[in-house]
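Here is a friendly walk through a few side chains and the partners they meet. Have the viewer open as you read.

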Amino acid sequence: MISNKYLAIAGLTLIAGMPAAQAVDFGAFGDVSYQGTSQKNTADSFVQGQFDLYATQKIDPKTRVFVEMVFESGPDNAYGLDLERLNI
């Protein structure tokens, strides 16, 4: 099975290897939430949810590449990078 890291590299390579005449559009979005608690010794805080980065490029009149990468936190507050979408 191919890992997400290799699929991400392949997707970004496809976009980076396109002719200079074609524009690459980049974007990002994410979410932040507020986490409150009723316990005395625990502080309320803001929590970052997912953070998405995406890129799209038109290869020719009928073909477009779209890549979406997501940074998301795991159970131990460690962040991981996932390839969410690779559409051609």
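## Aromatic pairs

A residue counts as partly exposed when its relative accessible area lies between the buried limit of under 20% and the exposed limit of over 50%. Tyr 54, at 28%, is therefore partly exposed, and Phe 29, at 45%, is partly exposed too. Please keep in mind that this is a predicted model.

A search of the whole structure turns up 3 aromatic pairs. In one of them, Phe 29 and Tyr 54 sit 6.0 Å apart, centre to centre, in a tilted arrangement with 50° between the planes. This pair joins distant parts of the chain, with Phe 29 in strand E1 (residues 24-35) and Tyr 54 in strand E2, 25 residues apart. Ring pairs also bring Phe 66 into a cluster with Phe 29 and Tyr 54.

Another tilted pair is formed by Phe 51 and Phe 71, at 6.3 Å centre to centre and 35° between the planes. Here strand E2 supplies Phe 51 and strand E3 supplies Phe 71, 20 residues apart.

## The salt bridge

How many salt bridges does a search of the whole structure find? There is 1: the side chains of Arg 85 and Glu 68 meet at 2.2 Å, N to O. Arg 85 lies in strand E4 (residues 79-87) and Glu 68 in strand E3 (residues 63-73). Arg 85 is partly exposed at 39%, whereas Glu 68 is buried at 6%.

## Around Thr 56

Thr 56 belongs to strand E2 (residues 45-60) and is buried, with a relative accessible area of 13%. Its side chain reaches the backbone oxygen of Val 65 at 3.1 Å. Beyond its neighbours within four places in sequence, Thr 56 has contacts including Ala 23, Asp 25 and Phe 66.

Note on methods: Residues are numbered from 1 along each chain as its sequence is written. This is a predicted model: local features need pLDDT of at least 70, side-chain atom pairs count only at pLDDT 80 or more; totals for chains, interfaces and linings use all residues. Side-chain values use heavy atoms; hydrogens and water are left out. Helices (H or I, at least four residues) and strands (E, at least two) are DSSP runs, numbered from the N terminus. Buried means under 20% relative accessible area, exposed over 50%, partly exposed in between (1.4 Å probe, protein chains only). A polar contact is a pair of N or O atoms within 3.5 Å; within protein, one must be able to donate a hydrogen and the other to accept it, and residues adjacent in sequence count only if both atoms are side-chain atoms. Contact means heavy atoms within 4.5 Å. A salt bridge is a side-chain nitrogen of Lys or Arg within 4 Å of a carboxyl oxygen of Asp or Glu. Rings of Phe, Tyr and Trp (its six-membered ring) pair if their centres lie within 6.5 Å; planes under 30 degrees apart count as stacked, over 60 as edge-to-face and the rest as tilted.
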